[in-house]
Amino acid sequence: RMFIKPSTALRNEYNEIAELCKKEDSPVFLTKNGEGDLVVMSIEHYTKREAMLDLRDKLLRSEAERLAGCRSYSVDEVSKRLKELIDG
């Protein structure tokens, strides 16, 4: 669900907007003169979004490397190598 409020609501309804962001785990879009202006979200939502975008970036880079012919390793190969490193 999308929540849209005028920018004046941020000043007049800060507590309600903060609660809405946290309760719904969703951003609130603020408008100024009828046009989109800002997005407000909880720190938790922002942190999750940044982590998801970071993971997406890593997956895209990994896929690009695979398509370019870079060496890849199976789970068994990685597990074996980690065990060797741990055991000395």
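S26 is buried, with a relative accessible area of 12%. In this predicted model, S26 sits in the loop between α2 and β2. Leaving aside residues up to four places away in sequence, S26 touches R1, F3, C21 and H45. Two of those names, F3 and C21, come back in the next part, as both belong to the largest nonpolar core.

**The core**

Which residues make up the largest nonpolar core? It has seven of them: F3, A9, I17, L20, C21, V28 and L30. Both α2 (14-24) and β2 (28-32) supply at least two residues each, and α2 gives the most, with three.

**Charged pairs**

In general, side chains of opposite charge can pair when their charged atoms come close. The count for the model comes to eight salt bridges, and here are some of them.

| Salt bridge | N to O distance |
|---|---|
| D54 and K58 | 3.2 Å |
| D87 and K83 | 2.8 Å |

For the last pair in the table, D87 and K83 are both exposed.

Two of these pairs lie within helices. D54 and K58 are four residues apart in helix α3 (residues 43-67), so about one helical turn separates them. D87 and K83 are likewise four residues apart, about one turn, in helix α4 (residues 75-87).

At 1.5 Å a residue, the 25 residues of α3 should span 36 Å, and the end C-alpha atoms are 36 Å apart, so expectation and model agree. The check also works for α4: its 13 residues should span 18 Å, and its end C-alpha atoms are 18 Å apart.

What follows each helix in the chain? Just after α3 comes G69, which takes a positive phi of about 95 degrees. After α4 comes G88, whose phi is also positive, near 95 degrees.

**The open side of α4**

How many of the 13 residues of α4 are buried? The number is zero, so α4 lies largely in the open. One of its residues, V78, counts as partly exposed, because its relative accessibility is 38%, between the 20% and 50% limits. V78 also belongs to a nonpolar patch on the surface, together with Y73, L82, L85 and I86. The five side chains named there have about 550 Å² of accessible area together.

Methods
Residues numbered from 1 in each chain as written. Predicted model: local features only at pLDDT ≥ 70, side-chain atom pairs only at ≥ 80, totals over all residues. Heavy atoms only, no water. Salt bridge = Lys/Arg side-chain N within 4 Å of Asp/Glu carboxyl O. Buried < 20%, exposed > 50% of the residue type's maximum accessible area, 1.4 Å probe, protein only. Patch = residues over 30% accessible without salt bridge, like charges linked within 9 Å, V, L, I, M, F, W, Y side chains within 5 Å. Areas by Shrake-Rupley, 256 points an atom, 1.4 Å probe, with all protein chains shown as cover. Core = buried A, V, L, I, M, F, W, Y, C linked by side-chain atoms within 4.5 Å. Expected span 1.5 Å × (residues − 1). Contact = heavy atoms within 4.5 Å.
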